[in-house]
Amino acid sequence: MKFLSRLKRWVLTKIALRSLGDYASLPRVNGYTRFSKFTKLGKNCHFNGLKVNGNGELTIGDNFHSGEDCLIVTQIHNYDNGQAIPYDSTYVTKSTFIKDNVWLGSRVIILSGVTIGEGAIIQAGSCVTKDVPNFAIAGGHPAKVFKYRDIEHYQRLKSQGSFH
C-alpha cells in the first residue's frame, strides 16, 4: 500500500512539474495539480489538487498547503476594452501573490490580481476576490475576513521553525 501511495505521488509530481515555471524546492503533490509556466513556488509547498488557469504570474511562498480541487485564475477575458461583446479573444493578465505559510481549504477559488498575506487561512469553498491581510482567516463568496490568527503564537512557532 505504501508503495502505491509513493508511486501515485511520484507520478502526480512529474505531471505537475511539466507545467511549472520555477521552484525553490521540490513540491509535494498528493492530488492532480497543474500549474502554468508563469508559476513560481517557494520551499515546502504541498498540493492536494490545484489548477492554475491563465498566463498571469503566480508566486506562492514557503510552507504553502492546498486542499483538494483549488483553482487560481490569473487572467480574465477582455470585456471592457475589447473589440466584441460580451468579450473578445484577448485576455487581461494580473499577477497573483500568495505569501508564506498560507493554507487553502478544499475547493477555494482565487481570482487574478489578489495578494494573500502571510499566515492567512482561506476557508474551504471560498472565492477570494480581494486581498487578504497577513494572519487573517477568511471565507465565503466573496471571501471576507472573519477572524485573525493568534499572532504571538504564530510568531513563536515560526521562530522555532515548526512547519508542517
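Predicted model: local features only at pLDDT ≥ 70, side-chain atom pairs only at ≥ 80, totals over all residues.
The secondary structure of the chain consists of 2 helices and 19 strands. The radius of gyration is 17 Å, close to the 15 Å that the globule rule gives for 164 residues, so the chain is as compact as a globular protein of that length. Along the principal axes, the C-alpha atoms of the chain fill a box of roughly 55 × 40 × 25 Å. Of the contacts in the chain with a separation of 6 or more, 20% are accounted for by residues 24 or more positions apart.

Of the 164 residues in the chain, 40% are buried, and the accessible surface comes to about 9,500 Å², with carbon and sulfur atoms contributing 53% of that area.

The structure holds 0 disulfides. Cysteine 45 takes part in none, the nearest cysteine sulfur being that of cysteine 70, at 13 Å, and with a relative accessible area of 1% cysteine 45 counts as buried because this value falls under the 20% cut-off. For cysteine 127, the closest cysteine sulfur is likewise in cysteine 70, at a distance of 12 Å, which is too far for a bond, given that a disulfide requires the two sulfur atoms to lie within 2.5 Å. Cysteine 127 is also buried, its relative accessible area being 13%.

Definitions and conventions:
Residues numbered from 1 in each chain as written. Heavy atoms only, no water. Buried < 20%, exposed > 50% of the residue type's maximum accessible area, 1.4 Å probe, protein only. Helix = DSSP H or I, 4+ residues; strand = E, 2+ residues; numbered from the N terminus. Rg over C-alpha atoms; globule rule 2.2 N^0.38 Å. Contact = heavy atoms within 4.5 Å. Areas by Shrake-Rupley, 256 points an atom, 1.4 Å probe, with all protein chains shown as cover.
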